[in-house]
Number of protein chains: 2
Amino acid sequence: MDYRTLFSYSTSMESDFLTWLTHKLQLQTMTQSGIGDDCATMQFDSNCTPLITTDALVDLVHFDLRVHTLEQIGWKSLAVNLSDLAAMGAKPKYAVISLVVPDTFQLHELQRLYEGILDLASQTDTLIIGGDFNTHSGPLTISATAIGQTVSSQTKYRFTSQPGDRICITGPLGKSILGHHLNFMPCLVEGAILASSKQVHALTDVTDGLVIDLHSILPGDLGAVLYANSIPCREPSGDAASDLKHALYDGEDFELLFTVESATDIRDLTIAFPRAIYEIGLVDKSNQISLQRGNQDREILSVTGYEH
Amino acid sequence: MDYRTLFSYSTSMESDFLTWLTHKLQLQTMTQSGIGDDCATMQFDSNCTPLITTDALVDLVHFDLRVHTLEQIGWKSLAVNLSDLAAMGAKPKYAVISLVVPDTFQLHELQRLYEGILDLASQTDTLIIGGDFNTHSGPLTISATAIGQTVSSQTKYRFTSQPGDRICITGPLGKSILGHHLNFMPCLVEGAILASSKQVHALTDVTDGLVIDLHSILPGDLGAVLYANSIPCREPSGDAASDLKHALYDGEDFELLFTVESATDIRDLTIAFPRAIYEIGLVDKSNQISLQRGNQDREILSVTGYEH
């Protein structure tokens, strides 16, 4: 923990950064937990299950320092983790952040990166309680770990969809690379609502692409059909076939993908959702994922065909 | 979480690695928690405080791939985090591991890295319950987050030493760079014993160097004197002055540094320790850290003079 590094301690930039950060985090949290000791302490409600998730972002893999702002990159580094909590129907409590920054980084750049992290943290009641800081000659790498707890005694898993379930998504898909992946708000409100309903059988977030992530919530012997005309496409170009391909395979949408039992009143279930809801398919026993375009024959979709 | 990456999913190496890892982790944990869903679930004992710590290791900063084995590097990546838990008197429960590996890495290299992690995990009852995996063109970066809980209702903090406290260390210091930093066993047993004693006022592990870490356990108005002849030096060269300098400033010793109230029977307190115990100084009200060499005048030590 420590926010101190054996091989680079006592550089003035690091010292200035930690002074600034400690002040910011104290303002943010007003608790005793947090940086300055070897570990940070945590508390969970007794009837809730604690959950953890971690994701690392690397320059030129998940973002591009030449194009994206540091605030956006900081925001995204926490957002991708909170999306994983939303995908279990959990709410965030804490996060720890490991930064490995290029040794050319300046104090104001570190501050801007952290402003993006803290902006999302404060909007989602996530306390930043620790981290690690290093400099090196390689690319900016941000590894965030988020810890949350279920909103009730229920946890939503992936591999629990059932034949006949209707498949829903919380927003448009595809072309996230144009900007959405940098400024999305994790679906925490929607995840908490879905988690409290027994009619919701399976839940995940779309990170690798709709087809692959749908595959991940189908038990081994189940399949699904997707309705081509019902899938919402982000930034439609007018070329419907191209838009649909992006929606099926692009990934980094961070919308919630879930299945509900067939008799569910979806409108009633999602009435408190801040965002739209789209019913896009049906779980079946076909052992494959296919696409239904209007009245045409179904087209079997490749699960392994994903490439970026 | 996921162990899947948007921009590099479905490479055969990653797929083979995840198949291998899932099998290894199932063998290790035999629990339902763990990889394969968006988050991993955790459980804590009701009378214990959950704790978290994170540290990232980077090639050519914390290890050198050209010299050190992958098993050593994997071991160290978890060990530095477990040492932080030991420094709070906590025992480990879980860890998550984010790997960012060079895109030239082979499957057998990933496996060897993980064998080092799992070797220490199994020796310390730490369950690896998730992680993240990415490839890039930069250096190997391992970010580990460890979660533990206090062994009792007590948590040991840093800034709680008191005037008159005796200062102790669990092992020799200095020259860790010669090998100790790669294969040390975190002082979990010692930490748990110390945590259960009210006579122990402050506790940390030596990561940045004895002088700096001692400074970190002294409240603002306190100081300390160190007894030069009592400080145990690792791999002594015969040049006592040089050995002592290494012991004072090198860092990455991962021994526990603690203070006990003056009337403590240290032998009795540490009778169950697997390793030796050394009394090396005294907390005082001097507001500085000084070194006592035999009968000579005290020499004031620079806290900021650390360089590697």
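Which residues of helix α7 (residues 240-249) of chain B are buried? In the predicted model, the buried residues of this helix are B:D243, B:L244, B:A247, B:L248 and B:Y249. The spacing of such a set can be read against helix geometry. An α-helix has 3.6 residues a turn, so residues three or four places apart point the same way. Just after α7(B), B:G251 adopts a positive phi of about 90°.

The interface between the two chains was examined next. Contact between chain A and chain B involves 64 residues of chain A and 64 residues of chain B. About 5300 Å² is buried between chain A and chain B, and carbon and sulfur atoms contribute 59% of this area. Between chain A and chain B, 16 residue pairs are in polar contact, with both residues at pLDDT 80 or more, while the count of salt bridges between the chains is zero. On the side of chain A that touches chain B, the elements giving two or more residues are β1 (40-41), β2 (50-58), α2 (70-86), β3 (90-102), β4 (127-136), β5 (141-150), β7 (200-205) and α6 (210-216) of chain A. Of these, β2(A) gives the most, with eight residues. By residue class, the side of chain A that touches chain B divides into 28 nonpolar, 23 polar and 13 charged residues.

Strand pairing also crosses from one chain to the other. β2(A) is joined by two bridges to strand β1 (residues 40-41) of chain B, and the two strands run antiparallel. Here A:L51 has B:T41 in β1(B) as its bridge partner. In the other direction, β1(A) pairs with strand β2 (residues 50-58) of chain B, in the antiparallel sense and over two bridges. In this pairing A:T41 stands opposite B:L51 of β2(B).

The pairing of β1(A) with β2(B) belongs to an open sheet of five strands, in the order β1(A)-β2(B)-β5(B)-β3(B)-β4(B), with mixed pairing. The edges of this sheet are β1 of chain A and β4 (127-136) of chain B; each has a single partner strand, so one side of each is left without a neighbour in the sheet. For side chains in such elements a general rule applies. In a regular strand the side chains alternate between the two faces of the sheet.

Two residues in the chain B strands of this sheet were considered individually. B:S98 lies in strand β3 (residues 90-102) of chain B and is buried, with a relative accessible area of 1%. Apart from neighbours within four places in sequence, B:S98 is in contact with residues of both chains: A:T54, A:D55, A:A56 and A:S143 from chain A, and B:D132, B:T141, B:I142 and B:S143 from chain B. B:I142, in strand β5 (residues 141-150) of chain B, is buried as well, with a relative accessible area of 0%. When residues up to four places away in sequence are not counted, B:I142 touches B:D55, B:A56, B:L57, B:I73, B:S77, B:I97, B:S98, B:L99 and B:L113. The C-alpha atom of B:I142 is separated by 18 Å from that of B:F184, which is 42 residues apart from B:I142 along the chain.

Within chain A, β3(A) is mostly covered, with 12 of its 13 residues buried. β3(A) and β5(A) run antiparallel and are joined by 10 bridges; in this pairing, A:A90 has A:T150 of β5(A) as its bridge partner. β3(A) also pairs with β4(A), in the parallel sense and over nine bridges. Bridge partners in this second pairing include A:I97 with A:G131 and A:V100 with A:N134. For β4(A) itself, eight of the 10 residues are buried, so this strand is largely enclosed by the rest of the structure.

The loop between α3 (107-123) and β4 of chain A contains A:T124. A:T124 is buried, at a relative accessible area of 10%. Not counting residues up to four places away in sequence, A:T124 touches A:L82, A:P92, A:M185 and A:L188.

Key
Residues are numbered from 1 along each chain as its sequence is written. Chains are lettered from A and ligands numbered from 1 in the order in which they are written. This is a predicted model: local features need pLDDT of at least 70, side-chain atom pairs count only at pLDDT 80 or more; totals for chains, interfaces and linings use all residues. Side-chain values use heavy atoms; hydrogens and water are left out. Contact means heavy atoms within 4.5 Å. Buried area is the accessible area (1.4 Å probe) that two parts lose on being put together, summed over both. A salt bridge is a side-chain nitrogen of Lys or Arg within 4 Å of a carboxyl oxygen of Asp or Glu. A polar contact is a pair of N or O atoms within 3.5 Å; within protein, one must be able to donate a hydrogen and the other to accept it, and residues adjacent in sequence count only if both atoms are side-chain atoms. Helices (H or I, at least four residues) and strands (E, at least two) are DSSP runs, numbered from the N terminus. Ala, Val, Leu, Ile, Met, Phe, Trp, Tyr, Cys and Pro count as nonpolar, Asp, Glu, Lys and Arg as charged, and the others, Gly among them, as polar. Two strands pair if DSSP finds at least two bridges between them. Buried means under 20% relative accessible area, exposed over 50%, partly exposed in between (1.4 Å probe, protein chains only).
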